[in-house]
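Reader: I'm new to this one, could you walk me through it?
Author: Gladly; here it is.

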Amino acid sequence: MKAATRTVRLDLTEPLRISRSVMASRDAVWLSVEHGDVTGHGEAVSSVYHGLDAATLRRRFADAARELGRYPDPAAALESLRAGELAGGATPPAVRAAVEAALLDLV
């Protein structure tokens with residue numbers, strides 16, 4: 001399996017105002033995982049509150065992509081992810097969810 005990322009800027013139609021800030025846009029990092037001739041997709045959106053900017057998300061996806069290379073197929077990687085062996089530990093939930101979405105898309 002191999003993975004790639006793409007960052008896109010999401011401009012909001014109207015700024016989102018909350019108690020601590022105003023947000024007019026956010027960056028989304030799309031994860032694509034290929035196995036054979038099939039591609040699965042996942043996504044995580046940047047979050048100042050959680051300390052996840054686009055660069056951090058891309059770096060975390062790259063770490064997960066290196067781990068994905070040791071699995072023979074998406075089902076095995078998904079099983080490992082659910083057991084906490086892949087993208088576990090201190091990996092932010094948004095990254096684990098994006099990896100899971102991409103693997104589920106493949107399966």
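Author: A word on terms before we start: a residue is called buried under 20% relative accessible area, exposed over 50% and partly exposed in between, with a 1.4 Å probe and protein chains only. This is a predicted model, in which local features need pLDDT of at least 70 and side-chain atom pairs count only at pLDDT 80 or more, while totals for chains, interfaces and linings use all residues. Residues are numbered from 1 along each chain as its sequence is written, and side-chain values use heavy atoms, with hydrogens and water left out.

Reader: OK, is Arg-70 buried or exposed?
Author: Arg-70 counts as exposed, at 53% relative accessibility.

Reader: And which residue does Arg-70 form a salt bridge with?
Author: Its partner is Glu-67, with the closest N and O atoms 3.7 Å apart; a salt bridge here is a side-chain nitrogen of Lys or Arg within 4 Å of a carboxyl oxygen of Asp or Glu. Glu-67 is partly exposed, with a relative accessible area of 25%.

Reader: How many salt bridges does the structure hold?
Author: There are 5 salt bridges, and one of them joins the side chains of Glu-34 and Lys-2 at 3.9 Å, N to O. That pair links distant parts of the chain, 32 residues apart, with Glu-34 in strand E2 and Lys-2 in strand E1 (residues 2-18). Strands are DSSP runs of E with at least two residues, and helices are runs of H or I with at least four, numbered from the N terminus.

Reader: Switching topic, what does Gly-36 do in the hairpin of E2 and E3?
Author: Gly-36 takes a positive phi near 65° in that hairpin, which has 2 residues between the strands.

Terms used
Two strands pair if DSSP finds at least two bridges between them.
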